[in-house]
Amino acid sequence: MTVFAAFEAEFKTISDRLVEAGSLPKGLDSSRVVFELPRDETHGDLATNAAMVLAKQAGMKPRDLAEIFVAALAKLDGVTAVEIAGPGFINLRIAPTRWTAEIPTILTAGDSYGKNNSGGGAPVNIEFVSANPTGPLHAAHARGAVIGDALAGLMAFCGWQVTREYYINDAGAQVDILARSAYLRYCEARGRDIGEIPAGLYPGLYLTDVGEMLAAKYGDDFLDKPEDEWLPTIRSAAITAIMAGIEKDLADLGISMDRFSSERALVDSGAVQLAIERLQDAGHLYHGVLQPPKGKEPEDWEPREQLLFKATAFGDDTDRPLQKSDGSWTYFAADVAYHLNKLERTKGKLINIFGADHGGYVKRMKAATAALSGQSDMLDIKLCQLVHLRDNGQPVKMSKRAGTFVTVEDVIKAVGADVIRFIMLTRRNDQTLEFDFAKVTEQSRDNPVFYVQYAHARACSVLRQAAKPIKTGQSLDLITDPAELLLVKTLASWPKLVESAALAHEPHRVAFYLVDLAGAFHSLWNAGRDNPALRFNIDGQDDLTNARLQLVQATSFVIRAGLNVLSIAAVEEM
RNA sequence: GGUCCCGUAGCUCAUCAGGAUAGAGCGACAGAUUCCUAAUCUGUAGGUAGCAAGUUCGAGUCUUGCCGGGAUCACCA
């Protein structure tokens, strides 16, 4: 149990006793009471919002209520001072030993420190990337890929049973275009002159490999044959080839999907029909004519009667068509079926990581999921804003048509997977991200990946320098310097941080925490430069050295724990 | 025009389900290297959190309206 959790438990005992004594009303909800590090160190070691959170329930003013708590808190083990501040905060100062008590816990847990079961083993399905199978992953896909995978790692660390899933859009018109494009390359590979790739087809050179593969496999079988004879076969083979490439790109990013779901397989299985019936039976469907979009009416707008889903009943802005005017299903209908399929398979919550261009899709998918599950909170969608690629401040020009878009493979070659992963997590997902090749390859304070990895390597180096092996379980009473204690406090914050990051579905918090932790360690390391008495290894002072090395060891464990959650290497030497 | 996201120091961004005097890095300025990795650290300067109301003990955070930037907008996928 961390110091924070220990104080929260001790506080609960105090408030229960006060309730028994009649000083406080019964039935107090103290779930929002927290003990945390105050932002400002001068406020002490720990601060609690208890008086402010409970004031309304107790029918008292925060400061008056605080007075009641102060006397009891002052008697707790290791508490050296208690004061009321500001609107009703209670600030505590505690003996260093209460902090250093955390170190043995960390040393025992190793890089599992902070691992918890707040997810309670509940299943969760995280769908991410899901790029169309028409070409290799490009740089913009990397952000969603990393956020999804890091979130999965984070939630697994917090006791969720996570499935990483990729939805293959292999049923629409775009894979037919892929098939025609691949067919051309196949003809080329069989010695035909194909000239310019016609507009509307994919010109990318990556398809020449696919064409050669097809040529090797089918010889001249499909040459000069009508489209309906070759299209399904070519399409399927091309998709398989492209997906193999995507899987490799993901693997190079350190990502391994648990499941790939095929839209075509879903549609062929009749799942769409079933999902529609489900909505129909629940009374969420009707035939009707949609109004044109407000403000901007498409020029070729014409009213059509369609099968519509009553999305407005679930918070969407307009109802959504499930069937085209020719009777075939819309993409949205397949997506509804897919989400029903995920709900049934997962028997738990769903999370989708979408790109910014799918922002308009959020409400309708949440509406559909709510209608299918009968619960409004089964689906969370994280939108990733755009990534601006730059090189030394200059925008990197990308054109899909010219085939000059930057692939994930290119970026991995240029900067490495660890850098991509970490940088993609140094922004909140809903904030646009500047990815500057020049900056992220720099080995300096400006590059957070390097900064954190260096802290870990430095800690390992200190441990290597030790004259004697660390004896764990030995006294830590000599850890008393404020800079040392600041590091211990930061370490002790990890379990709570990781838990709240998982709860909020925000893996970037882990990245920022690691930068903070690395800073606390670098700072302490340098304190030993100005003041040799603060170094970790001190000749002839075995007890002091041993205590400090335990702290260093604990630091390396927590950095490693954080990097592991994000699937980034914790290097021991640089 | 509708919807969604964003607007915080010169720049890039944090702010942990509303908390104290809004924090980091870069850049600027002033310093630290016979010493566990100076690839680092210490200090100074820098703010009306786009603007205006509202909600309450308390708002960068929640609500509304404006302003600015981005994404997206019926049978495409």
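This is a predicted model: local features need pLDDT of at least 70, side-chain atom pairs count only at pLDDT 80 or more; totals for chains, interfaces and linings use all residues.
Start with the core. The largest nonpolar core holds 159 residues. Within this core, Ile90, Leu154, Ala182 and Val558 touch the most other members. Helix α6, residues 139-157, supplies the largest share of the core, with 12 residues.

Take Val558 as a way in. Setting aside neighbours within four places in sequence, its contacts are Ile106, Tyr113, Leu491, Trp494 and Leu517.

Helix α19 spans residues 494-504, and helix α20 spans residues 508-530. Two packed helices are described by the angle between their axes and the distance between the axes. Here the axes of α19 and α20 come within 8 Å. They cross at roughly 155 degrees. An angle over 145 degrees counts as roughly antiparallel, so α19 is roughly antiparallel to α20. On the α19 side, the contact is made by Leu497, Val498 and Ala501. On the α20 side, Arg509, Val510 and Tyr513 make the contact. By class, the residues of this contact divide into 5 nonpolar, 1 charged and no polar.

Val129 is not a glycine, yet its phi is positive, at about 65 degrees. Val129 sits in the loop between β5 (123-127) and α6. Is Val129 buried or exposed? There are 25 other C-beta atoms within 10 Å of Val129. The cut-off for a buried residue is 20 or more, so Val129 is buried.

Lys347 also has a positive phi without being a glycine; the value is near 50 degrees. Its place is the loop between α12 (331-346) and β11 (349-355). For Lys347, 9 other C-beta atoms lie within 10 Å. A residue with 12 or fewer is exposed, so Lys347 is exposed.

Finish with a sheet. Three strands form an open sheet in the order β8-β9-β10. The pairing is antiparallel. Which strands lie at the edges? They are β8 (285-289) and β10 (320-321), each of which pairs on one side only. Strand β9 covers residues 305-309. It is joined to β10 by 2 bridges, and the two strands run antiparallel. To find this pairing in the model, look at Phe309, whose bridge partner in β10 is Arg320.

How values were computed: Residues are numbered from 1 along each chain as its sequence is written. Chains are lettered from A and ligands numbered from 1 in the order in which they are written. A nonpolar core is a set of buried Ala, Val, Leu, Ile, Met, Phe, Trp, Tyr and Cys residues joined through C-beta atoms within 7 Å. Helices (H or I, at least four residues) and strands (E, at least two) are DSSP runs, numbered from the N terminus. Two residues are in contact if their C-beta atoms, placed from the backbone, lie within 7 Å. Axes are lines fitted to C-alpha atoms, for helices over the stretch in contact, and angles run from 0 to 180 degrees between N-to-C directions. Angles under 35 degrees count as roughly parallel, over 145 as roughly antiparallel, 65 to 115 as roughly perpendicular and the rest as oblique. Ala, Val, Leu, Ile, Met, Phe, Trp, Tyr, Cys and Pro count as nonpolar, Asp, Glu, Lys and Arg as charged, and the others, Gly among them, as polar. Two strands pair if DSSP finds at least two bridges between them.
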